[in-house]
Amino acid sequence: KDVVGFIRDLKTQNGKDIWLIGGGGLIQTCLDEHLVDELRVFVHPILLCAWLPLVSGSRHSTSLQLLSQRTHDKGLVELHYAVQKPA
């Protein structure tokens, strides 16, 4: 079964939240299919020589609303966003 169909099926069932961890391609696919309600981004205080986008190849832009921010040990920052559904 494809991942989009699998997640759609999970969202129709009773139960708790779905915690999805994956790379940029998976995140972008789920955002494009409007399957993501919230997004947590963790920022590590390390500068890298090569930059990788969080997501790429989107068919549209995604608006986010910051719900909370939290600083963890050693400067790690957690940003918690609500994904705004398109009108």
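Predicted model: local features only at pLDDT ≥ 70, side-chain atom pairs only at ≥ 80, totals over all residues.
## Sheet

Three strands form an open sheet in the order β1-β3-β2, and their pairing is antiparallel. The edge positions are taken by β1 (38-43) and β2 (64-71), each of which pairs on one side only. From one strand to the next, the twist averages 20°.

Strand β1 is joined to β3 (residues 77-83) by six bridges, and the two strands run antiparallel. Val 77 in β3 has Val 43 standing opposite.

## Nonpolar core

The largest nonpolar core comprises eleven residues: Val 4, Ile 7, Ile 27, Cys 30, Leu 31, Leu 35, Val 36, Leu 39, Leu 79, Tyr 81 and Val 83. At least two residues of this core come from each of α1 (3-12), α2 (24-32) and β3.

Leu 35 is one of the core residues. When its neighbours within four places in sequence are left aside, Leu 35 is in contact with Val 4, Ile 7, Arg 8, Lys 11 and Cys 30.

## Loop residues with positive phi

Most residues other than glycine have a negative phi. His 34, although not a glycine, has a positive phi of about 60°. His 34 is placed in the loop between α2 and β1, and is partly exposed, with a relative accessible area of 38%.

Lys 74 is likewise not a glycine and has a positive phi of about 60°. The loop between β2 and β3 holds Lys 74. The relative accessible area of Lys 74 is 81%, so this residue is classed as exposed, the cut-off being over 50%.

How values were computed. Residues numbered from 1 in each chain as written. Heavy atoms only, no water. Pairing = 2+ DSSP bridges. Helix = DSSP H or I, 4+ residues; strand = E, 2+ residues; numbered from the N terminus. Axes fitted to C-alpha atoms, helices over the stretch in contact; angles between N-to-C directions. Core = buried A, V, L, I, M, F, W, Y, C linked by side-chain atoms within 4.5 Å. Buried < 20%, exposed > 50% of the residue type's maximum accessible area, 1.4 Å probe, protein only. Contact = heavy atoms within 4.5 Å.
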